[in-house]
Amino acid sequence: MKIKENLFNQRIISIDALRGITIFVMIFVNELASISNVPQWMKHMPAEADAMTFVDLVFPAFLFIVGMSVPFAFNARLIKADSTKTIWTHTFKRALALIIIGVFMVNAEYGYDASKMIIAPAFWGLLAYIMPIPIWNKYPKNFPLWLKNVLQYGGILVLIALYFLYIQDTGERGMTPKWWGILGLIGWAYLFTVIYYWLVSGNLWAIIGFLIFSVIMNSLNLTENSFVQNTSWLSFIAGHLTHAALVSAGIIISLLFFDRKIENKINWAVIAFIALFFAVGFGLRPLFGISKIQGTPSWTMLSAGICTILFYFLYWLMEVKKQTKWSEFFMPAAANPLLIYILPGVIYYFCKAFNIHIIPGYFREGVPGIIWSLVFSTIMLFVMKILNRYKIQLHL
């Protein structure tokens, strides 16, 4: 793969802004999920419903942004003259870390036998959420090496211990991937897509082919008695290609915006893909419906279309019109996305472990609960600003 002498060498603030906004909304809807008596349009739609809300767009938006960042990340590593081995190692380590963290989070949530656990499940969950911080923190260069090793390897040992301390509700020791968790699903989608991106040297048409293949596999996996659905390993791959389709869609839009070889066609090319995403999404809707829970191709493609429109607007506003001041509010989250995703879980399990109640029950339902969720999301952004200042940043 060759270095691209184009806009991939620059920092695109509109991508950071979209990431920051997505994370802010993600924290808001995650907190809102524990609030009762809120409108259905502020929740995930049920699996059987043929519909989606803005809440069902948060996860695909994050996958889309992962895809948009891939060409920039690869170009940066090529500029640094990283070897092929270094790039492959980094890819696998990042994906594995996301999958591991995701599985621990899922097991902290449910599936354990509290009566047989040596430590309380809430304390187990607290440790599971905290340990990724010392393990994957981006330590400054002047940080003592011995202390860095103690924190990183100590965190790894704690996670290993947590695995063996976990007792399933079936009585078996050790965790299982009941599902991979949001981070785990991102890890798998990232792994499949980035491997392919590297193999085809970031070729636009090859990525478009991968998107088409992913949608077809997703469709077959949801078709009763198809060979994909009836073959376990194919079904496993197809399930993750559902999310890889969104990552590849992000890569395509990134290439269309920032590869100068097609810079003159950017407007029409992007508009054409927006129309294509919506056409495929609505075209497949009668067969599969729109469902985030089921991961239908209609949900995937409609989400890709909406994300492209959102980015197109931000690109026009920030890169063309140079209106960037407003985005500073969201940038702390954009600079440290993994930590801000983990932090609310740390707070939740800390309060649960020590029986602490942060807010009165009055703020756990209805309009007060919605207001609290907005306040909590805003507080998290200010906390991240402080943590970023003190160089507490997770880097996979």
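Visitor: In which helix is Y153 found, and why does Y153 count as exposed or buried?

Guide: Y153 is found in helix α6, residues 145–165, where helices are DSSP runs of H or I with at least four residues, numbered from the N terminus. Its relative accessibility is 52%, and exposed means over 50%, buried under 20% and partly exposed in between, with a 1.4 Å probe and protein chains only, so Y153 counts as exposed. This is a predicted model, in which local features need pLDDT of at least 70, side-chain atom pairs count only at pLDDT 80 or more, and totals for chains, interfaces and linings use all residues. Residues are numbered from 1 along each chain as its sequence is written, and side-chain values use heavy atoms, with hydrogens and water left out.

Visitor: What makes N225 and K322 worth a remark about phi?

Guide: N225, in the loop between α8 (204–221) and α9, has a positive phi of about 65° although it is not a glycine. K322, in the loop between α11 (297–320) and α12 (331–335), likewise has a positive phi, near 60°, without being a glycine. Most residues other than glycine have a negative phi.

Visitor: How do you know whether α9 is mostly covered or uncovered?

Guide: In α9, which runs over residues 232–258, 21 of the 27 residues are buried, and the helix is mostly covered.

Notes
Helix = DSSP H or I, 4+ residues; strand = E, 2+ residues; numbered from the N terminus. Expected span 1.5 Å × (residues − 1).
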